[in-house]
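These are my notebook entries on one structure. I set down what I looked up, entry by entry.

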Amino acid sequence: MTAQAIIRKLETGLAPLGAFRARPMFGGHGLYLDDLMFGLIYDARLYLKADEESRPTFERAGSEPFVYDSSKGCITTSYWLCPPVALKDPTKLRAWVARAHAAAMRVKAKRKPRRKRAKF
C-alpha cells in the first residue's frame, strides 16, 4: 500500500475522531488529528504514537518502533508500526489511531508549557 493510499484510508475512516490532515515531512508524512501529531508514514508504512501506557499493546501485537540513523547514531522513536490487520479493517484502524491520539494527548499534557517570547 502506498503512502497516498494510507492517507486516503485515514481520511475516510477518522472523521468521528476529529479533523484529520497529513503534512509532508522528512521524506514521509506527519499525521494529525485536531492539530496534534498522532502518527507518521515513512516508506509506505504507518507508524502510530505510543507512550508508556500504550507501548505494551503495540508490543503484544508484534509491532516495532520507528528507528532511523542520524549523525548521533541509531535513534528509536516513540512511533510504532501499526499492526497490518488494522489497515484491513476500518474499525480496528480507528481504534489504533484513537489509542495513538490518546498517547499524544498524554505526552502533550506532561510537557512543560513553552515560555512566551518577549515582544519588542
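**Entry 1: Pro-65.** I looked up the contacts of Pro-65 and left aside its neighbours within four places in sequence; the residues in contact with Pro-65 are Tyr-47, Thr-76, Thr-77, Tyr-79 and Trp-80. Contact here means heavy atoms within 4.5 Å. I noted that Pro-65 belongs to strand 5 (residues 65-70). Helices (H or I, at least four residues) and strands (E, at least two) are DSSP runs, numbered from the N terminus. The C-alpha atoms of Pro-65 and Trp-80 are separated by 4.1 Å, although these residues are 15 residues apart along the chain. I found Pro-65 to be partly exposed, at a relative accessible area of 22%. Buried means under 20% relative accessible area, exposed over 50%, and partly exposed in between (1.4 Å probe, protein chains only).

**Entry 2: Basis of the values.** The model is predicted, and local features need pLDDT of at least 70, side-chain atom pairs count only at pLDDT 80 or more, and totals for chains, interfaces and linings use all residues. Residues are numbered from 1 along each chain as its sequence is written, and side-chain values use heavy atoms, with hydrogens and water left out.

**Entry 3: Aromatic pairs.** How many aromatic pairs does the structure hold? I recorded 6 aromatic pairs. Rings of Phe, Tyr and Trp (its six-membered ring) pair if their centres lie within 6.5 Å; planes under 30 degrees apart count as stacked, over 60 as edge-to-face and the rest as tilted. The pair of Phe-58 and Trp-80 counts as tilted because the planes stand at 45°, with ring centres 6.4 Å apart. Phe-58 lies in helix 2 (residues 55-60) and Trp-80 in strand 6 (residues 73-81), so this pair ties together parts that are 22 residues apart in sequence. I noted that Phe-58 is buried, at 0% relative accessible area, and that Trp-80 is buried too, at 9%. Ring pairs also link Tyr-42, Tyr-47, Phe-66 and Tyr-68 into a cluster.

**Entry 4: Charges over rings.** I then looked for a charge over a ring, which requires NZ of Lys or CZ of Arg within 6 Å of the ring centre and within 35 degrees of the ring normal. The charged end of Arg-21 sits over the ring of Tyr-32, 4.4 Å from its centre. Arg-99 lies over the face of Trp-96, at 4.4 Å from the ring centre.

**Entry 5: His-101.** Is His-101 buried or exposed? I found that His-101 counts as buried, at 12% relative accessibility. His-101 lies in helix 4 (residues 90-110). Apart from neighbours within four places in sequence, His-101 is in contact with Leu-33, Leu-36 and Phe-38.

**Entry 6: Salt bridges.** Side chains of opposite charge can pair when their charged atoms come close. A salt bridge is a side-chain nitrogen of Lys or Arg within 4 Å of a carboxyl oxygen of Asp or Glu, and I recorded 4 salt bridges by this rule. One of them joins Arg-45 and Glu-64 (3.8 Å, N to O). Arg-45 is in strand 4 (residues 45-49) and Glu-64 in the loop between helix 2 and strand 5, 19 residues apart. Arg-106 meets Asp-51 in a salt bridge (2.6 Å, N to O). Arg-106 lies in helix 4 and Asp-51 in the loop between strand 4 and helix 2, so that pair ties together parts 55 residues apart in sequence. I found Asp-51 buried, at 8% relative accessible area, and Arg-106 partly exposed, at 26%. Arg-106 also meets Glu-53 in a salt bridge (3.5 Å, N to O), and Glu-53 counts as exposed, at 56% relative accessibility.
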